[in-house]
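This briefing goes through a structure with the sequence and the 3D view at hand. Please keep both open while reading the points below.

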Amino acid sequence: MTIQREAALAGNLSGTAGADEATWIRAAQQGDQDAFEQLVRAYDQNVLRLAMNLLRSVDDAHDVYQEAFLRVYKNLHSFRFDCTFHTWLYRIVTNLCLDHLRKRKVRREESTVIETAEGPKDRIQTVAEESAEGDPQRALMSRQLSQRIQEVLGSLTPRERMVFELRHYQGLRLKSIGEVLGTTEEAAKNCLFRATQKMRHALGDFV
Amino acid sequence: MNCEQATKELSLLLYDELSFEQEEALHQHLEQCGNCRQLLAREKTLHHALDRMEVPVGSDVLTKCRRDLRGRLSARAAGRNRLRQLWSMLARPFAMSWLKPVGALALVAAGFGMSRMMQTPAGALGSRTAEPVAMQVRYLQPDPASGNVRIVLDETRQRVMTGSLEDAAIQQVLLSAAKESSDPGLRVVSMDMLKNRAQSAVVRRALLQAVQIDVNPGVRMKALEGLKSYGSDPEARKVLARVLLTDDNPGVRIQAIDILAQSHGAENAGVFQELLETESNNYVRLRSQKALRDMNASVETF
């Protein structure tokens, strides 16, 4: 292990900024497990968050996480820095999530159960509870709104859902979303517009 | 700009995706249009409601994902190394073409030799074979002329080995059981026998590997017992730091804290501080805080 990598590893463990990403990628391409682990740790929280939000199932999100990073591990040697690592990784993750969403559209069996500190709970329940403590009428409204949002999110096409997720929760710019999904910024913008329009229409009574 | 265009751009405004000119034009329109201002207020409410729908990612889920991934990657790497070793072992003697027939003969001879050795009642280590305990028919070939049949069988035989724990062959088998057995009970017992032999680099490597990838917390705990005196060893320290930050079992994390704390290494402070940022288990947090206080380090990161 080189001194530079050792120092960077120590830096990461102590919470300071990590080494240059390209250095990690090149080292991982040479088979360096520590470097690969640093790459995983740099991105895996966001990957898991994206999968959890989109799939709303701990098991599915876990599967996407495993499959995505295994694919990265297998194909990292072919990464040529033509795009950012972030874009490349998100292409893999979004494709996996889209596959899951498409399959689910066919099966129509979306789970809204999430893991909480008190055990598995319905997501709607947690949102409603935290937003309207102590006010039964507000709690009811909040629960209905959450339920309606769930329904609308479920009714979006996988692509609309993905663009909305990447923009709203992941904070990616539309230009980056276009790169990740292999489309133009304009197409991503239209997709986001359709998604928000559907939500506006469906939630008109609530907001 | 008219109301239809403005409505279309409201959500893009909130997402900060409009150009300077577009945003200027929209703001000018909003100043004059009460309806669109109302629509913007509704759009903001919708955004706020959507913000609350984000699914929280628990640290336990992340920890499990990381551990499972590490296990799968290690299994892949181990399998590839084994294949590579086997291949180079097999390929080396046959590198020169004139040696190929000699190699083939050698393999046949080795096969005969192995089969004779397997039939020997007692080996150098006091090993002995028994009748087959499992048998599977691999291939059948009837011979209509003679009326005989040729059967190829895969047989599993039990073999008993007896020897000292110091014996390299015994250690090799224990290491193999600790790493590869599908029975967690067997892995725990193997680890228990090996844990006092961590001065051997091979055993220490097996303990470190088990701590990181074994799915059974009992095995990981046993492996950690063997690493008690190695908290200051750089390789062990690195692995223990990872375990501390990623293992989903609080008992394992506590044991990792104890080992790192015993080594009194100031470099561990960063790990304990990082742990405090993500740790959800109160007792683990307390132990980590105590370890930091014992080394006169701050319990906060700055």
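Gly31(A) follows helix 2 of chain A and has a positive phi, near 100°. The model is a predicted one. For the complex, the predictor gives an ipTM of 0.73 and a pTM of 0.53.

**Helix 2 of chain A**

- Helix 2 of chain A covers residues 21-29, and its buried residues are Trp24(A), Ala27(A) and Ala28(A).
- Looking down the axis of helix 2 of chain A, these buried residues fall within an arc of 100°, so they line one face of the helix.

**Helices 8 and 10 of chain A**

- The axes of helix 8 of chain A and helix 10 of chain A come within 8 Å and cross at roughly 95°.
- An angle of 65 to 115 degrees counts as roughly perpendicular, and helix 8 of chain A and helix 10 of chain A are therefore roughly perpendicular to each other.
- On the side of helix 8 of chain A, the residues that meet helix 10 of chain A are Arg159(A), Glu160(A), Val163(A), Phe164(A) and Arg167(A).
- Their partners in helix 10 of chain A are Ala188(A), Cys191(A), Leu192(A), Arg194(A) and Ala195(A).
- The residues of this contact between helix 8 and helix 10 of chain A divide into six nonpolar and four charged, with no polar ones.

**Where chain A touches chain B**

- Chain A gives 37 residues to the contact, and chain B gives 31 residues.
- In chain A, at least two residues each come from helix 3 (33-55), helix 4 (58-75), strand 1 (113-116), helix 6 (123-131), helix 7 (136-155), helix 8 (158-168) and helix 10 (185-202).
- The side of chain A that touches chain B is made up of 19 nonpolar, 10 polar and eight charged residues.

**Chain B as a whole**

- Chain B has 13 helices and two strands.
- Of the 302 residues in chain B, 24% are buried.
- Among contacts in chain B between residues at least 6 apart in sequence, 55% join residues at least 24 apart.
- The average pLDDT of chain B is 80, and 80% of the residues score at least 70.
- Over residues 117-124 of chain B, pLDDT stays under 50, and the model has five contacts beyond four places in sequence for this stretch.

**A buried residue in a loop of chain B**

- Asn268(B) is located in the loop between helix 11 (250-262) and helix 12 (269-278) of chain B.
- Asn268(B) counts as buried because it has 26 C-beta neighbours inside 10 Å, and the cut-off for buried is 20 or more.
- Apart from neighbours within four places in sequence, Asn268(B) is in contact with Leu260(B) and Ser263(B).
- Ile257(B) is 11 residues away from Asn268(B) along the chain, and their C-alpha atoms are separated by 9.4 Å.

**Positive phi values in chain B**

- Asp16(B) is not a glycine, yet has a positive phi of about 60°.
- Asp16(B) lies in the loop between helix 1 (3-14) and helix 2 (20-32) of chain B.
- With 9 other C-beta atoms within 10 Å, Asp16(B) is exposed, since a residue with 12 or fewer counts as exposed.
- Asn296(B), also a residue other than glycine, has a positive phi near 55°.
- Asn296(B) is found in the segment after helix 13 (282-294) of chain B.
- Asn296(B) is exposed, with 8 other C-beta atoms within 10 Å.

Key: Residues are numbered from 1 along each chain as its sequence is written. Chains are lettered from A and ligands numbered from 1 in the order in which they are written. This is a predicted model: local features need pLDDT of at least 70, side-chain atom pairs count only at pLDDT 80 or more; totals for chains, interfaces and linings use all residues. Two residues are in contact if their C-beta atoms, placed from the backbone, lie within 7 Å. Helices (H or I, at least four residues) and strands (E, at least two) are DSSP runs, numbered from the N terminus. Ala, Val, Leu, Ile, Met, Phe, Trp, Tyr, Cys and Pro count as nonpolar, Asp, Glu, Lys and Arg as charged, and the others, Gly among them, as polar. pLDDT is the predictor's confidence in each residue, from 0 to 100. Axes are lines fitted to C-alpha atoms, for helices over the stretch in contact, and angles run from 0 to 180 degrees between N-to-C directions. Angles under 35 degrees count as roughly parallel, over 145 as roughly antiparallel, 65 to 115 as roughly perpendicular and the rest as oblique. The arc is that of the directions from the helix axis to the C-beta atoms.
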